[in-house]
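Subject: Structure handover

Hello,

Here is the structure for you to look at. My notes on what was found in it follow below.

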Amino acid sequence: MHHIGYLLTDGFQVMGLATQTVFEYANKVAGEDFYALRNFSVGGGDVRSSLGMSIATLPVEQAEHIDSWMVCGVGNPLESPSSQEERSFLQTTGQRARRIAAICTGGFVLAESGLLSKRRATTHWFFARDMQARFPDIQVEDDRIYIVDGAIWTSAGMTAGLDMALAMVGKDLGEDVARGVAHNLVMHQHRTGGQTQHSEMLSLAPKTDRIQNALNYARKNLMRPLTVEELAEEANLSPRQFSRVFTAETGLSPSKAIEGLRLEAARLMIEQSRHPLEVIARETGFRDRRHMREVFMRGYGVPPQSMRREVRA
């Protein structure tokens with residue numbers, strides 16, 4: 001039997017517990033009780049979730065023979081950092097557990113505990129830049145659904161925790177069982193394309209309508225060259241003013257932002273259509289297929305051909 005302990009703290013996001021359903025159905029598909037689940041907290045007792053509901057937990061002192069730890073995240077890890085007791089516990093437990101996993105912003109707890117030092121990791125895209133800034137020795141990859149680096153697993157948003165849990169089932173019990181669980185829960189066995197809930201438009205988050213209008217225009221006209229002059233006209237600003245305001249509001253230059261929009265649009269076309277890559281490159285405004293490949297390698301670390309093969313598989 002594989003024992004899984006969930007580490008909860010006040011304000012934990014209750015959806016993190018949805019991953020327990022993956023292990024529940026793994027037992028059903030496998031026809032045996034392979035997984036045993038228990039909820040823990042540093043002090044034990046009732047722990048209040050972000051929704052206000054409370055979950056009964058055992059104190060971590062009673063955690064014996066736990067094979068995998070799942071650390072649930074909170075709504076804003078910058079405002080609610082982990083406690084010294086949690087960090088000390090994980091630093092000690094990290095030497096004994098078979099694996100330690102973080103769901104969404106639970107990755108900050110692992111980072112604060114030093115468990116992600118010199119490792120690859122991911123977290124919710126909204127906080128990825130903060131994690132990288134606070135912990136420069138971590139290789140943060142903000143467009144991954146989940147990452148496995150040795151015994152440490154990290155996932156992106158809340159739903160990405162389900163993908164990560166399903167991958168654990170595949171590793172523990174085989175892909176046939178994982179496929180059965182995915183079928184029962186009506187979910188993809190292997191989701192592609194990174195944090196697909198992460199919209200490039202959403203991450204840019206401009207503060208004024210004029211920059212938002214320029215971005216909306218750009219997204220509808222990706223086939224065009226989209227010069228700064230053209231976008232500035234949509235924003236009713238001079239090109240120099242537009243570049244300055246755009247960078248101040250989004251953190252990116254207009255050219256980098258447009259490249260991100262093209263990349264996202266091309267990825268979605270690869271995932272959702274059967275158009276040749278040459279057509280996708282043209283429709284999304286890349287110079288040619290080779291240019292699109294260069295941008296894919298910078299943005300996703302894989303060429304569009306590999307992403308297409310993974311989608312079709």
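Does Tyr35 count as buried or exposed? Tyr35 counts as buried, because its relative accessibility is 4%; buried means under 20% relative accessible area, exposed over 50% and partly exposed in between, with a 1.4 Å probe and protein chains only.

Some notes on the source. This is a predicted model, in which local features need pLDDT of at least 70 and side-chain atom pairs count only at pLDDT 80 or more, while totals for chains, interfaces and linings use all residues. Residues are numbered from 1 along each chain as its sequence is written, and side-chain values use heavy atoms, with hydrogens and water left out.

The sheet

Eight strands form an open sheet with mixed pairing, in the order β3-β4-β2-β1-β5-β6-β10-β9. Strands (E, at least two residues) and helices (H or I, at least four) are DSSP runs numbered from the N terminus, and two strands pair if DSSP finds at least two bridges between them. The edges are β3 (45-48) and β9 (146-149); each has a single partner strand, so one side of each is left without a neighbour in the sheet. β9 runs antiparallel to β10 (residues 152-155), and four bridges join them. Val148 stands opposite Trp153 in β10.

The helices

Helix α1 (residues 19-30) lies across β1 (2-7), β2 (35-41) and β5 (68-71), at about 155° to β2. Angles run from 0 to 180 degrees between N-to-C directions, and axes are lines fitted to C-alpha atoms, for helices over the stretch in contact. The axes of α1 and helix α6 (residues 175-185) come within 9 Å and cross at roughly 115°. Residues making this contact (heavy atoms within 4.5 Å) include Tyr25 of α1 and Leu185 of α6.

Ser68

Ser68 lies in strand β5 and is buried, with a relative accessible area of 0%. Leaving aside neighbours within four places in sequence, Ser68 is in contact with His2, His3, Ile4, Gly5 and Arg99.

Aromatic rings

The whole structure holds 10 aromatic pairs; rings of Phe, Tyr and Trp (its six-membered ring) pair if their centres lie within 6.5 Å, and planes under 30 degrees apart count as stacked, over 60 as edge-to-face and the rest as tilted. The Phe34 and Tyr35 rings are edge-to-face, because their planes are at 90°, with centres 4.8 Å apart. Phe34 also counts as buried, at 18% relative accessibility. Phe108, Trp125, Phe126 and Phe127 form one aromatic cluster.

Regards
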